[in-house]
Each structure stands twice: as C-alpha cells, then as structure tokens.
Amino acid sequence: MKVFALWLLLLVVQEVNSQDSCTSNLNLKNKPLFDISSFHCVSVWNEQGYILRYLQTDREVWSFVISAPNSNSFIGMGFSKDGKMVGSSAIVGWVSNDGSSTMKRYFLGGESSAEVVPDQGNLQLVNMTSSIIAQNSTIYMAFQLNTQLTPTNRLIYSLGPMGRLPSPVNYQLSQHRAHISTFLDYNSGESKSKSPYGNLRRSHGVLNMLSWGILIPIGVMVARYFRQYDPIWFYSHTTIQSLAFLLGFVGIVCGFLLEDRLSAHVDKHKALGIFILVLACLQVIAFLVRPGKESKVRKYWNWYHYTLGRVLIILAAANIFYGIHLGGAGTAWNVGFAVTLVAFFSISVVLEIRLWMTK
C-alpha cells in the first residue's frame with residue numbers, strides 16, 4: 001500500500017512539474033524562431049492553465065508565446081477592439097496525435113462556425129517565425145505580429161473541444177468548449193479576466209449547485225434519518241425542499257437567459273436541466289396529492305416519492321459536473337462539489353448503520 005501511495009505521489013509531482021508556469025524554466029527542444037529569454041510572462045487564464053509570454057522585439061514587431069495544457073484540442077488567442085469575439089481576429093493552433101502541427105489566422109465574423117473564416121483578419125504575421133509544438137503535456141504556440149501600434153489590450157483566449165481538431169480540408173473550427181475575455185496592460189504585465197455575463201454565469205452555477213446538488217440531498221437525509229423527531233422532521237423536510245425548488249427554478253431561468261445571450265450550444269445540459277425540473281415539479285404535485293397514512297396506496301406513493309427523489313439527485317449531480325465542464329470553471333469547482341458529495345455519502349452511511357441498529 002505504501003509503495004502504491006509513493007508511486008501515485010510521484011505521478012502527481014511529475015504531472016505538476018510538467019505544467020508550464022512563469023516560474024518554470026522554458027527549456028523547449030524545438031525552440032521558437034526568435035529569442036524569448038527576456039519576455040514578460042503572465043498567467044492569463046488560471047482555470048485552463050494558459051500562460052502568455054510577450055515582448056516588443058522590434059520597432060514594429062510584437063512577439064508572443066502562448067502555452068496551455070495539451071488536451072487534444074485547439075487553442076486560440078484573439079485580438080479584439082471591444083473584448084467581444086465577433087469582429088476580432090485570432091491566431092489558432094493545434095497539434096495532432098501524429099505529431100503534425102498547424103497554426104492559422106482566423107476572422108471571427110459571427111457566432112457560428114461557418115462565420116469563423118480561416119486565413120482572414122487584420123493580423124499580419126512575420127513570415128517564417130511562427131511555430132507550434134507539444135512538449136511535456138503542454139502545447140506552445142509562438143508567433144510575431146507586424147504592427148505600427150501597440151496591439152489591442154483586449155485579448156480573448158479559447159479552448160476547443162477534445163478530440164475535434166479542424167479538418168485539413170477546410171480548417172473549419174468547431175464550437176469552443178471554453179473561452180475568456182481579458183484586458184492586458186503590456187507595461188505592467190497585469191491581466192484581468194472579463195468573462196462574458198460573469199454574474200449571470202455565477203448565479204446559474206451557484207443557484208443550481210446549492211439547490212439541486214446540496215439542499216435536495218440534505219432534505220432527503222432529514223426525511224430518511226430523523227423521523228423520530230416528529231413532526232419537526234416533516235416541516236424541516238418540506239421547508240428545505242421548497243427552498244431548493246425555488247432556488248433551482250431561478251437557477252434554470254438564469255441558464256435559459258445565459259444560453260440566449262451567449263448563443264451557446266448546450267443541448268444535452270439544457271435537456272437534463274429541463275428533465276430535472278420536470279421531476280421536481282412531479283415531486284411537488286405528489287406532495288400536494290399524497291394519500292393519508294392509513295390509505296392502502298400510501299406505500300406505493302412512498303416508493304414513487306423515494307425513487308423519483310433519488311433519480312433527481314443522481315441526474316442533478318451529473319448535470320452539475322457537466323455544467324462545470326461546459327463553463328470551463330476549472331478544477332476547484334469540480335473538487336469542491338465532489339468533496340461535498342463524498343461528505344454527504346459518508347454521513348449517510350453512518351446514519352444508515354445507526355438506523356439499522358436501532359430497528
């Protein structure tokens with residue numbers, strides 16, 4: 001067991017050391033075609049591990065190196081006049097499984113993939129200095145821009161879907177799975193993120209996680225393990241579940257607004273959310289028409305109520321993790337929610353054993 005734990009620790013340390021950071025020495029086997037030793041370095045997207053190195057290397061030349069974990073996806077860096085993707089120009093690159101690499105300019109003319117046009121835009125690359133490589137689970141994209149003025153401070157970064165690299169036939173990009181809009185001060189190296197509709201995103205995520213992922217399981221545990229405190233358990237159960245339903249309903253409405261404003265393609269996430277809301281509505285209806293304790297159909301109602309509630313919890317947990325993935329919220333949200341579920345499960349096991357021992 002100790003050997004396994006030591007092996008696991010070594011794997012974790014190796015993985016951490018392989019990730020790029022501004023404090024690590026950039027020792028690339030295939031070095032960029034320009035010197036990057038004195039570049040400014042800034043972490044521009046912590047959730048996805050994006051690191052930007054940059055410098056004005058000539059009177060009309062700005063040089064950039066963007067790095068990110070290699071997840072078999074394309075990475076992109078856009079230059080925008082207003083912080084929005086539409087109307088901006090971008091550099092996008094990827095490394096295929098066979099080791100071949102591609103980097104292209106794109107003009108982001110609209111929100112659909114068909115309106116993202118390759119080999120277009122107002123970025124002028126310095127000839128024969130662009131390169132993209134994958135090393136130690138990290139992808140590095142280096143390029144130089146010809147520009148008489150300082151590049152725009154409004155920078156956009158995107159991350160493509162896993163395993164769906166652009167085809168060499170038309171180089172059309174698939175819908176990205178995450179993106180962020182930032183403001184970079186080239187002099188100080190300070191980068192500030194500005195996620196589109198950030199407050200609405202947070203409201204959608206926090207409300208749904210709190211309601212379906214936390215309050216609903218707590219309400220179920222109250223009804224399962226504290227029936228000896230009658231009627232306190234009943235009023236506590238109904239109050240917690242009613243609050244969870246109201247918060248969850250508002251969270252789903254926030255999701256609809258977010259989908260409309262971002263024109264996001266989240267059909268599976270949306271369908272699961274609607275199905276969970278339907279299950280919750282059925283639970284409310286079941287509560288209103290529940291038969292009396294002496295009724296012959298009460299046990300069937302109990303089975304229905306228990307089963308529906310547990311299915312709702314399982315689907316809600318899965319959809320919350322899926323939503324964290326779609327929103328590119330990062331590892332901290334996944335770990336935090338996972339720890340919460342493990343805590344609920346552990347408490348339930350202890351209370352279940354106690355319940356069986358008292359029977």
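In the protein chain, residues 24 or more positions apart account for 62% of the contacts with a separation of 6 or more, where contact means heavy atoms within 4.5 Å. This is a predicted model, in which local features need pLDDT of at least 70 and side-chain atom pairs count only at pLDDT 80 or more, while totals for chains, interfaces and linings use all residues. Residues are numbered from 1 along each chain as its sequence is written, and side-chain values use heavy atoms, with hydrogens and water left out.

The secondary structure of the protein chain comes to six helices and 12 strands, counted as DSSP runs (H or I of at least four residues for helices, E of at least two for strands) and numbered from the N terminus.

How do two of the helices lie against each other? The axes of helix α2 (residues 198-225) and helix α6 (residues 331-358), which are lines fitted to C-alpha atoms over the stretch in contact, come within 10 Å and cross at roughly 5°. On a scale from 0 to 180 degrees between N-to-C directions, angles under 35 degrees count as roughly parallel, and α2 and α6 are therefore roughly parallel to each other. Among the residues that meet are Val206, Met209 and Ile214 in α2 and Trp333, Phe337 and Leu341 in α6.

Finally, just after helix α5 (residues 298-327), Gly328 takes a positive phi of about 60°.

Notes
Angles under 35 degrees count as roughly parallel, over 145 as roughly antiparallel, 65 to 115 as roughly perpendicular and the rest as oblique. The expected span of a helix is 1.5 Å times one less than its number of residues.
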